[in-house]
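Work through the exercises below with the model open. Try each task before reading its solution.

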Amino acid sequence: MSGERTLLVDGHALAFRAYYALPELNAPDGTPTNAVLGFLNMLLKVINDEKPDRVVIFFDAKGETFRHKAYEEYKEGRPPAPEEFKAQIPILKELMKHFGYPVVEIEGVEADDAIASCVRSLKDKGEILVLTADKDMLQLVRANAKVLRPIKGVSTFKIYDEKTFEEEFGFPLHLFQITWLLLETRRTISQASLG
């Protein structure tokens, strides 16, 4: 088990990236497919290049999360996802199941929070690769965990470890992690005082 490579995929963030990275594409029946195509291109490239032993796909469950319950205004200013994007998520989930990859959706929990829990629980169980388009997920970089992010379209990726993070951003990863923790703590305190 200690030598295994596990790929944890932030399905929702990756699909969102794919939706905006590719032009509008539709199946003959009119079903939008650009997010599906881009997602598959990214996923299969990473699997081919990185050769993980296990792949797990995470999606946001429908409905509110624990953050919405703690802070009523969570994501309040964010526009809703386009209907053409939403229509492709069930297709992606079904495809992943046909590929034999577990699809994880936890009611009340966003995909990135579930992935963070997995990274923590797998810390002594081999190498972890997190595939996401979400820059916040860089906080998950550890000695045994790297984050892969698309940096150009759906075909070019950057692999972040502690060294590449510091090279790109000019400060050590632990400062980012501490800053993120402080911001999350402040938001939680703010939410509690509102409740």
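This is a predicted model: local features need pLDDT of at least 70, side-chain atom pairs count only at pLDDT 80 or more; totals for chains, interfaces and linings use all residues.

**Exercise 1**

Leaving aside its neighbours within four places in sequence, which residues is Gln88 in contact with?

- Step 1: locate the residue. Gln88 sits in the loop between helix H4 (83–86) and H5.
- Step 2: list its partners. Beyond four places in sequence, Gln88 is in contact with Tyr19, Pro32, Thr33, Asn34, Ala35 and Val36.

**Exercise 2**

Describe how H1 packs against H2. Which residues make the contact?

*Solution.* Two packed helices are described by the angle between their axes and the distance between the axes.
- Step 1: geometry. H1 and H2 pack at an angle of about 115°, and their axes are 7 Å apart. H1 passes H2 in a right-handed crossing.
- Step 2: residues. H1 contributes Gly11, Leu14, Ala15, Arg17, Ala18 and Tyr19, and H2 contributes Asn34, Ala35, Gly38, Phe39 and Met42.
- Step 3: classes. The contact of H1 with H2 has seven nonpolar, three polar and one charged residues.

**Exercise 3**

Repeat the analysis for H2 and H5: at roughly what angle do their axes cross?

*Solution.* 
- Step 1: geometry. The axes of helix H2 (residues 34–50) and helix H5 (residues 89–98) come within 10 Å and cross at roughly 35°. H2 passes H5 in a right-handed crossing.
- Step 2: residues. On H2, the contact uses Ala35, Val36, Phe39, Leu40 and Leu43; on H5, Ile91, Leu92, Leu95 and Met96.
- Step 3: classes. The contact of H2 with H5 holds nine nonpolar residues, no polar and no charged.

**Exercise 4**

Which residues touch the most other members of the largest nonpolar core? Which element gives the largest share?

*Solution.* In soluble globular proteins, nonpolar side chains tend to be buried together.
- Step 1: The largest nonpolar core has 28 residues, and Leu7, Val9, Phe39, Leu43, Ile57 and Leu131 touch the most other members.
- Step 2: the sources. S1, helix H1 (11–21), H2, strand S2 (54–58), H5 and strand S4 (127–131) each give two or more residues to this core. The largest share, eight residues, comes from H2.

**Exercise 5**

Thr6 and Glu110: is each buried or exposed? Find a polar contact of the Thr6 side chain.

*Solution.* 
- Step 1: Thr6. Thr6 is found in strand S1 (residues 5–10). Its relative accessible area is 3%, so Thr6 is buried.
- Step 2: its contacts. The Thr6 side chain makes a polar contact with the side chain of Arg54 (2.8 Å). Not counting residues up to four places away in sequence, Thr6 touches Arg54, Leu122, Glu127, Ile128 and Leu129.
- Step 3: Glu110. Glu110 lies in the loop between strand S3 (103–104) and helix H6 (111–121). Glu110 is buried, at a relative accessible area of 7%.
- Step 4: Glu110 and Asp60 are 50 residues apart along the chain, yet their C-alpha atoms are separated by 4.8 Å.

Technical notes
Residues are numbered from 1 along each chain as its sequence is written. Side-chain values use heavy atoms; hydrogens and water are left out. Axes are lines fitted to C-alpha atoms, for helices over the stretch in contact, and angles run from 0 to 180 degrees between N-to-C directions. Helices (H or I, at least four residues) and strands (E, at least two) are DSSP runs, numbered from the N terminus. A crossing is left-handed if the near helix is turned anticlockwise from the far one by less than a right angle, and right-handed if clockwise. Contact means heavy atoms within 4.5 Å. Ala, Val, Leu, Ile, Met, Phe, Trp, Tyr, Cys and Pro count as nonpolar, Asp, Glu, Lys and Arg as charged, and the others, Gly among them, as polar. Buried means under 20% relative accessible area, exposed over 50%, partly exposed in between (1.4 Å probe, protein chains only). A polar contact is a pair of N or O atoms within 3.5 Å; within protein, one must be able to donate a hydrogen and the other to accept it, and residues adjacent in sequence count only if both atoms are side-chain atoms. A nonpolar core is a set of buried Ala, Val, Leu, Ile, Met, Phe, Trp, Tyr and Cys residues joined through side-chain atoms within 4.5 Å.
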